[in-house]
Each structure stands twice: as structure tokens, then as C-alpha cells.
Amino acid sequence: MDIFEKAKSQFLNNLPFVLFARPNENLLNAFFQSDDELHKFINQSGFVFTSFDGLTKIVLPKENSAYFEEEINFNLSFKSASIQIPTLNEDKIHFENLVNNSVEAIKSGNFEKLVVSRKIDFSAGIDVFETYQNLLKTYPTAFRYFFFHPKVGIWIGATPEQLIKINNDKFETVALAGTQLYSNEVHWTSKEIQEQQFVTDYIISNCEELASAIEVSESFTVQAGKLAHIKTKIFGTISKENEVALISKLHPTPAVCGLPKEKAKEFILKNEKYDRKFYAGYLGEWNINETTNLFVNLRCMEIGKKNSIYVGCGITEDSVAENEFIETQNKSETIKNIIITKA
């Protein structure tokens, strides 16, 4: 029985599992939990799934789960997306008002940057396994996951952003910001460069408090599906006792929240008018074979009676509301393009 067959059996028995593939790897990994308990994350080894606000931290514990891995079958044919999701005018108006309010809050001196988001709701019966296979094939450079827990629901995503990777006492994290459609000649505006620099500076300052031997790469352009981003890598050395504190410092990063962090988080929770849940939280392997490998939960979808795609964008004082709405539409294509509905 291959991993997908095991996952389908787990799903039918209403038992938690996660399927995931690391960026640029063709290995599919899985944790199949042996019971349906909702385990709170308290630093035990396993696969963690954490909400944006940090109040919900759950884990599929290694000691309660069977682990499997196998090569991804890339010979499977890609199936074209079979769904159209209309844009509601009231959603566009609400989001553009949110952007304008964010720009005013920044210009007033309360914030350096804000990251606001929207939730695109739609009704459709989705073939979750076919959809996830599409996602695996389409976004090989992203962290691709399929998470199910009967007390949480179904989440699928392909995130381009690593929160942190720790191997023994060495760590690597990234600053990722700026978004435009990918082309052979990507030109970044001053607004996008400034947005990315905010993220880089914030991460470096927090790493310096808890780690040592910090090194920073030059910024460079990366491709994520049809989109391009600006990326900077940050390396260093950290002691075991400081790992949790560093992750708490880093999350939520300015790339999904804003600066100053706590004030930005409060603004988001008050003004977005919806619950982000696990969108812009973090997920991944915690202390598996001496390695922690966590990603920010972006370009994701929650699947249920009502389905939701979550997308956001960074706002500075130079942001234009209509342009930011278009950016969220472009980001939503990451998920829209791979959805397969039930026959």
C-alpha cells in the first residue's frame, strides 16, 4: 500500500495525518497518527501546526504516529483545474478599504509596515487527493503539505517561505517579501525593496539577541510558481535552550504581520474582520533526527463544507489599494490552478 492509499484509509477512519514534501525534493513524507486526540504542542518531536495568533499549537507526535516516505510519482498526468471562483464586488471594496486604512495608519507614524489579507470563500466538492497531487507536481520549489485532523479540518498549501531550519546548533532563516508575476526580467520597485528590507532588518535584530555568528546573504530574486519574490538568507549558530525563544521572536514575521510586530498583530486582528486560523501560522517538522524544519503557512486553502483560500500582501505608505488587490488575486491563482472538483 503506497502513501496515498494509507492516507485515504486514515481519512476514511477519521484519523489525523499529514503528507508533505520539502522544497526541491521528490520525496513524499507522512505522519499517520494512531488516535484522534488533539495533541497540544509542548516541544515534543513531531509535525507541528500553529495558528497565526499563536494561541493554537498542535502536533502529530512522533511517538503516537507512524512515519512513511516514498518517491513522488511525477509520471502522474496533471489535471486542469475544474473550477471558476468569481470575485465578489463587496469583497474587493472591503479589501481596498482595508488597504487604504492601513496606508493611513502607516503615514500617521503608527507602523512601518502592515500585512493584510483576505479570505476567498467558495462552495464546491473538492477531490482533496487529486488536488494535492496537482499541487505536488506544480510547485516543486515550495513546501507542499496536506494536513488533516478531524478536530481541525483539512488544510492544503504550497508555501515558498521558510520560517527556520535548525540542524544541531546551526540555523538558517529567510527574509522573503515583494511579489510580482515572474518574467525573465524582473524589476523591483522602491516600495518592494523597502518592504523586503523591513523583513530582513527585523529578523537580523532578533537573531542577534539569541544567536551568534550571524551571516547575511545578498538579496536575490526567486521564483514561486508564476510569482517572483525578493529573498535574503540569514545564517547563524544557536544553543538548544534558545530555539523556542527564537521561533517565538520570529513568528509572526513582518512578512505576514508588520512592524512593530505586536501593534501590527493587534491592528490585523481588529481590522481584517475574519479569523486567519492557521493561515500565516507555521508548520513543519520539529526535532526530527536532530533537525527542525518550519515553514510559514502561505498560499493555502482550508477545505470543508465551505472552502477558503487565504492570501495577503505587504502594505507600505506607497501602496495603492487596487494594485494590492490584484496582487492577492495573483497569489490566489497558486491554489485556484490546482483545484480538482469531485466528479
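The paragraphs below lead through this predicted model from its overall dimensions to its cores and then to individual residues.

Residues are numbered from 1 along each chain as its sequence is written, and side-chain values use heavy atoms, with hydrogens and water left out. Because the model is predicted, local features need pLDDT of at least 70 and side-chain atom pairs count only at pLDDT 80 or more, whereas totals for chains, interfaces and linings use all residues.

The chain has 7 helices and 18 strands, where helices (H or I, at least four residues) and strands (E, at least two) are DSSP runs numbered from the N terminus. For 343 residues a compact globule would have a radius of gyration near 20 Å, and the value for the chain, 19 Å, agrees with this; the radius is taken over C-alpha atoms, and the globule rule is 2.2 Å times the number of residues to the power 0.38. Along the principal axes, the C-alpha trace spans about 60 × 50 × 40 Å.

Of the 343 residues in the chain, 54% are buried, a term that here means under 20% relative accessible area, with exposed meaning over 50% and partly exposed in between (1.4 Å probe, protein chains only). The accessible surface of the chain comes to about 15000 Å², and carbon and sulfur atoms hold 48% of that area; accessible areas come from the Shrake-Rupley method with a 1.4 Å probe, and for residues only the protein chains shown count as cover. Among contacts in the chain with a separation of 6 or more, 71% are between residues 24 or more positions apart, a contact being heavy atoms within 4.5 Å. The chain carries 36 positive and 45 negative charges, whose mean positions are 4 Å apart; Lys and Arg count as positive and Asp and Glu as negative, while His and the chain ends are not counted, and each charge is placed at NZ of Lys, CZ of Arg, CG of Asp or CD of Glu.

In soluble globular proteins, nonpolar side chains tend to be buried together. A nonpolar core is here a set of buried Ala, Val, Leu, Ile, Met, Phe, Trp, Tyr and Cys residues joined through side-chain atoms within 4.5 Å. The largest such core has 68 residues, of which Phe47 and Tyr145 touch the most other members, and its largest share, 7 residues, comes from helix 4 (residues 190–210). Beyond four places in sequence, the contacts of Phe47 include Val18, Phe20, Phe31, Ile58, Leu60, Phe143, Phe147 and Leu283.

A second, separate core of 34 residues includes Phe17, Val128, Tyr132 and Ile154. Ile154 belongs to strand 8 (residues 153–159) and counts as buried because its relative accessibility is 10%. With neighbours within four places left aside, Ile154 is in contact with residues including Phe11, Val128, Phe146, Met301 and Ile303, and its C-alpha is 9.7 Å from that of Asn307, 153 residues away in sequence.

Two further buried strand residues can be followed in the same way. Thr50, in strand 3 (residues 46–50), is buried at 1% relative accessibility; apart from neighbours within four places in sequence, Thr50 is in contact with Thr56, Lys57, Phe278, Gly281 and Tyr282. Ser308, in strand 18 (residues 307–315), is buried with a relative accessible area of 3% and touches, among others outside its sequence neighbourhood of four places, Lys119, Asp121, Cys300 and Met301.

The backbone also has some features to examine, given that most residues other than glycine have a negative phi and most peptide bonds are trans. A cis peptide bond, with omega about -10°, joins His251 and Pro252, and Pro252 lies in the loop between helix 5 (243–250) and strand 14 (258–259). The C-alpha of His251 is separated by 10 Å from that of Thr50, 201 residues apart along the chain. Another cis peptide bond joins Leu259 and Pro260, with omega about -5°, and Pro260 is in the loop between strand 14 and helix 6 (261–271).

Ala213 has a positive phi of about 55° although it is not a glycine; this residue lies in strand 11 (residues 212–216) and, at 53% relative accessibility, counts as exposed. Lys273, likewise not a glycine, has a positive phi of about 70°, is placed in the loop between helix 6 and strand 15 (282–288), and is exposed with a relative accessible area of 65%.
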